[in-house]
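Visitor: Hi, could you walk me through a structure? I'd like to start with the rings.
Guide: Happy to, here it is.

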Amino acid sequence: MPPKKFKTAQEEFEAKKAKESVFRKVFLYLCMLLLFPPLEMLYFYTFFLYLFYTSPPFYRVLLSIYWTNMFFELDKFPSTSGWSGKWWPFRKFCRSLRCWHWIREYFDGELVKTAELEPGKPYLMCYHPHGIISMGLQGSLALEACDFEGAFPGVDRSVATLVASFKIPFFREWILMNGFIACSRRTLMHHLGRNKTVVLVPGGANEALHSHPGIFKLHLKNRKGFVRIALLTGASLVPCLGMGENEMFHTMDNQSPGFFPQMLYKVQLFLMKRFTFSFPLLSHILPYREKVTCVVGAPLECPKTENPSLEVIDKYHELYVESLTKLYEKHKDYYGKGIKLEIV
Ligand SMILES: *[C@@H]1O[C@H](CO)[C@@H](O)[C@H](O)[C@H]1NC(C)=O
């Protein structure tokens with residue numbers, strides 16, 4: 001590795017930002033305002049309602065059919081293949097759109113490769129931490145902004161995301177085009193069983209509630225379902241760390257022992273159980289411009305097992321946590337600004 005001019009990647013990014021013109025800054029903020037996923041969902045839904053209320057009856061019928069198909073997932077598209085297979089070239093086109101590079105530039109996103117992945121083999125890439133909406137994953141692993149295909153040629157990956165994201169008109173098509181699939185056991189088995197790669201965020205909604213700057217609080221100890229799926233399909237587990245993911249949002253404290261933080265956390269857990277996604281309270285809408293780096297570790301091979309016993313699952317879970325911790329230790333100072341890791 002060549003000697004580095006800066007002590008941390010964040011310092012390097014600050015130096016880059018200092019050289020940026022005001023126009024560029026404004027431009028990047030506008031891009032984020034357009035493409036920030038929660039806002040995008042709002043735009044797409046508003047557009048759908050606008051179309052519906054301004055259309056003649058015939059088109060209303062068509063839009064209703066579309067909505068029904070989407071809401072009840074009659075075509076089973078997101079929970080099976082998504083836009084992989086024969087849609088592959090078009091999916092690549094969507095993932096390489098220019099706008100994603102501007103989103104990358106906003107965070108100075110970077111993909112750091114530490115090992116090779118072989119094409120045609122199934123990998124379950126696990127991204128930690130979940131953060132508020134895993135922005136770091138989107139730039140580096142889901143889209144082509146950091147040239148994933150250049151780093152791992154031939155690795156055909158889809159990204160598993162919340163089922164609820166596929167219930168938003170037009171947005172559903174937009175994320176399908178970009179290679180997202182619904183996150184369920186069935187979908188994961190479908191892709192891994194066909195020697196494809198899936199990107200997954202094992203921490204899920206609960207980890208999102210623990211997204212605070214300065215710490216990686218990973219929900220892993222009681223999450224073993226992803227190890228079981230890897231063993232069932234013989235997929236290798238690839239640890240991926242999103243350094244900076246938790247730094248981009250400042251969320252309201254729900255961890256301190258005081259009355260209000262504890263109450264807030266309880267309400268959030270209650271809502272999460274009902275809605276399947278969580279509601280972290282942000283003090284701002286657009287993410288802060290913090291450096292985000294996705295470090296991809298070495299794959300951990302899991303032998304294909306018909307009916308993995310609890311002991312086998314525990315063994316591979318432990319090996320996985322160990323290799324994740326090692327990856328963190330190796331990169332925490334430069335990319336992670338030395339923030340703490342806590343596995344719960
Ligand atoms: C997946 O790869 C394995 C090993 O290379 C091969 O035996 C199997 O037939 C492949 N499965 C599919 C569905 O292509």
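Visitor: How many aromatic pairs are there?
Guide: The count comes to 25 aromatic pairs. Rings of Phe, Tyr and Trp (its six-membered ring) pair if their centres lie within 6.5 Å; planes under 30 degrees apart count as stacked, over 60 as edge-to-face and the rest as tilted. Keep in mind that this is a predicted model, where local features need pLDDT of at least 70 and side-chain atom pairs count only at pLDDT 80 or more, while totals for chains, interfaces and linings use all residues. Residues are numbered from 1 along each chain as its sequence is written, and side-chain values use heavy atoms, with hydrogens and water left out.

Visitor: How do F52 and Y53 pair up?
Guide: F52 and Y53 are edge-to-face, 5.6 Å centre to centre with 85 degrees between the planes. Another edge-to-face pair is Y106 with F107, at 4.9 Å centre to centre and 75 degrees between the planes.

Visitor: Is Y106 buried or exposed?
Guide: Y106 is buried, at 0% relative accessibility. Buried means under 20% relative accessible area, exposed over 50%, and partly exposed in between (1.4 Å probe, protein chains only). F107 is buried at 4%, F52 is partly exposed at 22%, and Y53 is exposed at 60%.

Visitor: Which rings link into a cluster?
Guide: Ring pairs link Y45, F47, F48, F52, Y53, Y66 and F170.

Visitor: And what lies over the face of Y106?
Guide: R289 does, at 5.4 Å from the ring centre. Likewise, K167 lies over the face of F71, at 5.6 Å from the ring centre. The rule asks for NZ of Lys or CZ of Arg within 6 Å of the ring centre and within 35 degrees of the ring normal.

Visitor: Switching topic: where does T293 lie?
Guide: T293 is in strand β8, residues 293-296; strands (E, at least two residues) are DSSP runs, numbered from the N terminus. T293 counts as buried, with 0% relative accessibility.

Visitor: What is T293 in contact with?
Guide: Leaving aside neighbours within four places in sequence, T293 is in contact with E110, V112, L241, G242, M243 and Y335. Contact means heavy atoms within 4.5 Å.

Visitor: How far apart are T293 and G150?
Guide: They are 143 residues apart in sequence and 17 Å apart in space, C-alpha to C-alpha.

Definitions and conventions. Helix = DSSP H or I, 4+ residues; strand = E, 2+ residues; numbered from the N terminus.
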